[in-house]
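Subject: Structure for you to look at

Hello,

I am passing on the structure that we talked about, and below it I have written out what was found when it was examined. Please keep it open while you read, so that you can look up each part as it is named.

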Amino acid sequence: MIPAEVRYVRASSLDEALDALGEPDAKALAGGQSLLPVLKLRIVRPSVLVDIGGLGLAGIETVGDEVRIGALTTWDRLASDAALARPALAALAECAAGVGDLQVRNRGTLGGSLAHADPASDVLAVVLALGARLELRSPEGERSLAASDFVLGPFTTALGERELITSVVVPVPEPGSGSAYVSVEHPASGFALAGAAALVRPGGSSSVALTGVGARASLVPEGGSLDDVEIYGDRFAPEGYRRHVAVVVVRRALERARARAEEDM
Amino acid sequence: MSAIGVARPRLDAPDKVTGATRFAADGHVHGLLHARLVLATEAHALVTGIDGKEALALPGVVAVLAAADLPLETSGNDRTAEPLARDEVVFAGQPVAMVVAQSAAAAEDAVELVSVSYEPLAAVVDVEEAMAPGAALARTVEDEESGGDLESIHAGVDKGSEDEEEPLSGNVLDTITRKEGDAAAALESSDAVAEGTFRTPWVYQAYIEPQVATAWLEPAGTLVVSTATQGSFVTRNELARAYGLPLERIRVVAEPLGGAFGGKFALMEPLVAGAALALRRPVRLALTRAEDFQATNPASAQVTHLRVGALEDGTLTGIEARMIVDRGSNAGWGVEGITSALVVGPYRWQARDIRGYGVQTNRFTFGAYRAPGAPTAAFALESLLDELAQKLDLDPFELRLKNAVVQGDIGISGNPFPTIGAVEVLERLREHPLWGMRDSLPDDEAVGMACGYWPGGNEPAAAVCRVDPDGTLTVVTSAVDMSGVSTGFAAIAAEAFGLSADNVRVVSADTATGPYSGASGGSKVTYTVGKAVLRAAEAARRKLLAAASEELEISPDDLEVVDGEVRAVGAPDRSITVEEIARRTLRFGGRHEPIEGHGGSAQTVGAPSVAAHLSHVRVDRETGEVELLRHVIAQDVGRALNPALVEGQMRGGATQGIGWALYEELAHDEDGRLVTGSFLDYAIPVAEKVPEIDTLIVEVPAPDGPYGAKGIGEAPVVAAPAAIANAVAAAAGVRLYELPMTPPRVWAALRSSAGESA
């Protein structure tokens with residue numbers, strides 16, 4: 001389908017982008033892999049697309065005990081970058097390698113996906129389990145939010161109207177950690193019917209986040225049961241199935257993370 | 001060197017791969033207007049008003065057309081006679097109005113502004129409830145029966161007998177009865193009986209090119225329609241019927257096709273032709289994928305109640321079937337005839353009692369999809385045959401072989417089977433190492449098998465072969481190249497004439513210029529048009545030899561054609577090239593008739609093709625996910641004119657069978673609205689999901705086909721879903737009776753079977 005008429009601006013600086021986003025119904029365009037389909041289906045009708053692809057926001061570097069990932073880093077880069085190759089951080093590359101297909105992975109970005117906040121977003125579970133924070137920038141300045149405070153509900157985030165994600169910062173887990181991402185996918189969309197990201201630390205403690213089953217991805221209380229987690233059903237995957245599969249993917253993610261923890265020395 | 005049996009790329013492959021092909025939406029037409037459809041949002045309603053005022057006010061919008069604006073000259077409720085809903089909408093997604101504008105974007109903006117008012121009526125969405133006397137009718141405003149000749153394209157099966165005893169509602173448009181002997185008694189005295197109710201959903205053909213057609217009036221009055229269609233002559237007939245035009249005033253040009261699988265017959269053309277006639281401007285309608293999902297003609301959902309029996313030695317005894325076909329809103333025809341004929345499979349039975357019902361509901365107009373009615377029938381039959389085999393402790397192949405038909409066995413329509421390779425295919429498949437491995441696999445893996453066939457079709461056809469001054473041969477037919485048939489024609493003509501296939505070109509003509517060809521569908525083009533091409537090439541060859549005979553002063557009986565040269569048999573230095581003869585002929589003062597031949601064919605017996613499958617699966621019992629590890633297909637193809645193309649058809653059919661088995665379902669909500677309207681919701685088997693598919697070509701020559709070849713496009717899909725279902729049943733330990741076998745369904749079946757045995 002053909003999107004409704006929209007203007008297009010390619011920003012050449014962060015300030016220019018933030019300024020352009022001040023127009024009512026302006027929308028930032030990163031890789032377009034989430035935005036363009038909803039544009040074509042006319043589900044969203046922005047007034048102007050502010051293309052932030054030229055702002056140099058892509059890249060991965062380890063700074064001290066953190067890995068800083070630029071918001072416009074693509075899935076393909078995430079799946080293959082050496083900085084993420086440790087078993088402790090494997091969940092991120094594992095998740096990225098499974099997103100969409102080759103074309104989507106070459107264009108889609110981490111920041112774009114997080115800002116879109118699809119309830120079945122795989123990577124949100126991963127950034128939650130890894131305890132990442134998001135660095136945001138607006139005309140008022142910079143601020144930092146824990147991933148768990150960033151996504152508020154389906155397609156709803158704490159991003160202000162003139163605010164962009166600039167980086168996702170992942171604390172480097174201690175040696176002897178392992179992480180994994182396991183999901184059961186919807187056969188058409190590839191989105192998670194239930195997806196679990198797990199980080200296991202050397203003492204045995206773990207962080208687990210679940211996605212695809214409710215309004216947004218969320219951390220599962222350690223050692224807690226999933227009985228208290230709100231789980232939706234739909235025509236394809238009824239609630240009973242999702243609940244059952246959620247338990248399975250959590251277990252499998254933890255198993256795989258533990259196996260990786262043993263390799264991470 | 002023979003041109004037959006050589007694997008070579010399709011003639012159109014380079015153009016298609018490099019993007020040079022001009023498809024139906026690509027052609028440049030001066031002054032072209034663009035149409036977009038307003039689709040019904042109600043599954044069943046009376047249309048009380050269509051208001052296009054706001055839409056017309058948008059810049060670039062030329063017209064908002066409703067049914068009354070199209071100069072239709074026929075009545076009837078099929079999509080040719082009623083391309084836009086008249087008074088009553090019968091499915092959500094039905095075209096109700098058409099906006100025509102100077103750009104597609106303007107048309108799309110305008111569609112949102114057309115306001116249609118409806119008086120909702122009860123939506124009939126359950127096909128079995130719809131049959132009961134007193135059920136609400138899916139269509140309340142009827143026009144006299146009129147269906148065109150679209151049904152006959154798809155298969156050569158008869159309609160069975162009439163039997164009026166059963167009380168049914170007016171939603172049941174057709175009842176087929178096929179009775180022979182006393183099936184109930186036969187089942188009673190069987191040593192094993194298996195039964196079940198099998199459900200299959202609406203399935204989308206998912207061709208890669210959404211539907212498109214362009215129409216315009218030539219200054220002298222001819223209506224020209226350039227379209228992505230499977231049949232130009234059939235389309236011309238439909239347009240003549242719709243608009244009351246004489247045939248010579250309509251010219252249908254079939255453009256290169258981006259896939260069709262049965263779905264591209266006369267849906268777009270009545271719309272654009274009507275708009276072009278009404279507006280006297282060229283109009284193109286190119287559906288978006290979203291519109292194609294909603295408004296075209298996918299394959300029918302079906303419910304099959306089946307019961308089969310066998311004796312201890314595996315002899316099949318009786319078969320009882322009630323097959324309910326959800327025609328949706330298709331008033332013209334349904335697959336109840338075909339599916340009720342094919343549910344007996346390629347097997348002998350002692351007695352049968354089969355009923356097929358074509359039931360209308362408030363869903364899509366059903367359409368044909370590769371072997372229409374066959375995969376659904378085979379899913380039911382082959383699942384139960386596996387159960388019989390288990391009960392009788394017989395090998396599944398043994399059971400099929402024991403009953404497989406051979407030439408001369410009487411088929412369900414009372415006619416003897418022609419040459420048919422069921423036994424050969426089964427024996428060949430059984431030898432594949434995968435079958436031998438089935439008992440040594442891990443617990444969660446299994447191999448399943450199934451066998452099916454497609455009767456093929458026949459329709460008279462004609463072709464022309466013409467030699468050009470460069471000594472090359474041009475083959476002219478009106479056949480639409482949907483599956484690579486043109487490449488087959490080149491091989492046939494090359495072989496029959498005596499040239500290398502590299503020197504043969506194949507062109508598709510249109511209804512104004514071409515020799516007759518029926519639609520591409522029904523698995524008959526290679527068989528029928530190919531035969532015409534063979535005869536045309538032979539006729540051209542006779543002209544060639546006559547001319548060469550004069551030039552060389554040698555009798556034609558002593559001449560042969562080898563590698564583009566006519567030579568004396570036994571004295572090859574006395575020769576003349578084809579090119580030289582053509583050069584001397586095709587000029588002012590030339591001495592010979594042009595080297596051209598016309599050929600025709602009219603086979604009266606179809607050429608059925610049997611295909612059997614092995615499927616190796618792994619079932620994840622915790623998630624219900626089915627992983628396909630390997631697939632094998634063996635098919636009787638008559639003669640593989642081009643093994644590469646034949647294997648492509650086999651793999652393509654098997655892959656679409658994978659789609660039926662595990663992925664594809666067009667789902668509606670309780671109000672009859674489509675909820676799986678895009679590829680984000682409707683899963684198809686993409687490359688990543690398809691395993692290695694081994695292809696075993698079996699050749700049992702068709703006596704009446706060109707070099708023994710026959711149509712093979714549909715047979716490969718028929719038993720693929722059943723083979724996968726049988727594999728899943730073996731791997732999971734529980735059988736599923738509904739397709740697609742999605743992870744939630746597999747899991748639910750495992751759970752309820754565990755519950756039962758707990």
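Strand β25 of chain B, residues 626–636, is joined to β26(B) by seven bridges, and the two strands run parallel. Strands here are DSSP runs of E with at least two residues, helices are runs of H or I with at least four, and both are numbered from the N terminus.

Before going further, please note that this is a predicted model, in which local features need pLDDT of at least 70 and side-chain atom pairs count only at pLDDT 80 or more, while totals for chains, interfaces and linings use all residues. Residues are numbered from 1 along each chain as its sequence is written, and chains are lettered from A and ligands numbered from 1 in the order in which they are written.

The sheet in chain B

The two strands belong to an open sheet of four strands with mixed pairing, in the order β16-β24-β25-β26 of chain B, where two strands pair if DSSP finds at least two bridges between them. Because β16 (445–454) and β26 (692–698) of chain B each have a single partner strand, they stand at the edges, and one side of each is left without a neighbour in the sheet. On average, neighbouring strands of this sheet are turned by 15° against each other, direction ignored. Helix α17 of chain B, residues 643–663, packs on the sheet and touches β24 (609–619), β25 and β26 of chain B, its direction making about 130° with that of β26(B). Such angles run from 0 to 180 degrees between N-to-C directions, with axes fitted as lines to C-alpha atoms, for helices over the stretch in contact.

Domains of chain B

Chain B is assigned domain 1 (14–121 + 211–286), domain 2 (301–457 + 605–757) and domain 3 (459–601), with bounds that come from an automatic or database domain assignment. The centres of domain 2 and domain 3 of chain B, taken over C-alpha atoms, are separated by 40 Å. In chain B, 22 residues of domain 2 are in contact with 19 residues of domain 3, contact meaning that the C-beta atoms of two residues, placed from the backbone, lie within 7 Å. On the side of domain 2 of chain B that touches domain 3 of chain B, α17(B) gives the most, with three residues.

Between the chains

The contact between the chains takes 14 residues from chain A and 21 residues from chain B. On the side of chain B that touches chain A, α3 (104–111) and α20 (743–757) of chain B each supply at least two residues, and the largest share, four residues, comes from α3(B).

A buried helix in chain A

Which residues of α7(A) are buried? They are Asp122(A), Val123(A), Leu124(A), Ala125(A), Val126(A), Val127(A), Leu128(A) and Ala129(A), where buried means that 20 or more other C-beta atoms lie within 10 Å of a residue's own, C-beta atoms being placed from the backbone (12 or fewer is exposed, and in between is partly exposed). As eight of the eight residues of this helix, 122–129 of chain A, are buried, it is largely enclosed by the rest of the structure. After α7(A) comes Gly131(A), whose phi is positive, near 70°.

Best wishes
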